[in-house]
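Open the model in your viewer and keep the selection tool at hand. This tour goes from stop to stop and tells you what to select next.

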Amino acid sequence: MSTPARAEIHALYRNYLRLVRDWPADKVRPRRDMKQMLAQRVEETFRRPLENEHEPFDIKDAQQQLVALEKLLNNDFKNKYPLSDTILSPASNPNYYSRLLNSLGTKNSPFKLFGKK
């Protein structure tokens, strides 16, 4: 397997940095934020290959992971598989999501947060 070029790794690194920049902060779990975890993982993954060109790096795997993360960021799955109103207003506790949003300090309806308008 050939070693990917430094320029190719650097371009992929910039794409990951853009993704981390655009990733929303998690208000529900501020101490276990996906954005912080992604930033740390990107730094760890790309540091050695960019410093040492002989360091093994699987660029195909990194590209596939980037595509998957971009799909999550762009809500591709939320749009492909929308939630029904019965999921957002369960019979056992119909106001659960409204109270959750109020506790987070948002004024939006749960339907907007989870893809409904």
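Start with the rings: the structure holds four aromatic pairs. Rings of Phe, Tyr and Trp (its six-membered ring) pair if their centres lie within 6.5 Å; planes under 30 degrees apart are stacked, over 60 edge-to-face, and the rest tilted. This is a predicted model, where local features need pLDDT of at least 70 and side-chain atom pairs count only at pLDDT 80 or more, while totals for chains, interfaces and linings use all residues. Residues are numbered from 1 along each chain as its sequence is written, and side-chain values use heavy atoms, with hydrogens and water left out.

**Stop 1: a tilted pair**

Select F46 and F57. Their rings form a tilted pair, 5.3 Å centre to centre, with 50° between the planes. F46 lies in helix α2 and F57 in the loop between α2 and α3, so the pair ties together parts that are eleven residues apart in sequence. Helices here are DSSP runs (H or I, at least four residues), numbered from the N terminus.

Buried means under 20% relative accessible area, exposed over 50%, and partly exposed in between (1.4 Å probe, protein chains only).

**Stop 2**

Ring pairs link Y13, Y16, F46 and F57 into a cluster.

**Stop 3: the core**

Now select L12, Y16, F46 and F57. Of the 16 residues in the largest nonpolar core, these four touch the most other members. Such a core is a set of buried Ala, Val, Leu, Ile, Met, Phe, Trp, Tyr and Cys residues joined through side-chain atoms within 4.5 Å. Helices α1 (6-22), α2 (34-51) and α3 each supply at least two residues of this core. The largest share, six residues, comes from α1.

**Stop 4: two helices**

Show α1 and α2. They pack at an angle of about 170°, with axes 10 Å apart. Axes are lines fitted to C-alpha atoms, for helices over the stretch in contact, and angles run from 0 to 180 degrees between N-to-C directions. That makes α1 roughly antiparallel to α2, a term for angles over 145 degrees.

**Stop 5**

Finish at N75, in the loop between α3 (59-73) and α4 (76-80). N75 has a positive phi of about 60° although it is not a glycine. Most residues other than glycine have a negative phi. At 33% relative accessibility, N75 is partly exposed.

Conventions: Angles under 35 degrees count as roughly parallel, over 145 as roughly antiparallel, 65 to 115 as roughly perpendicular and the rest as oblique.
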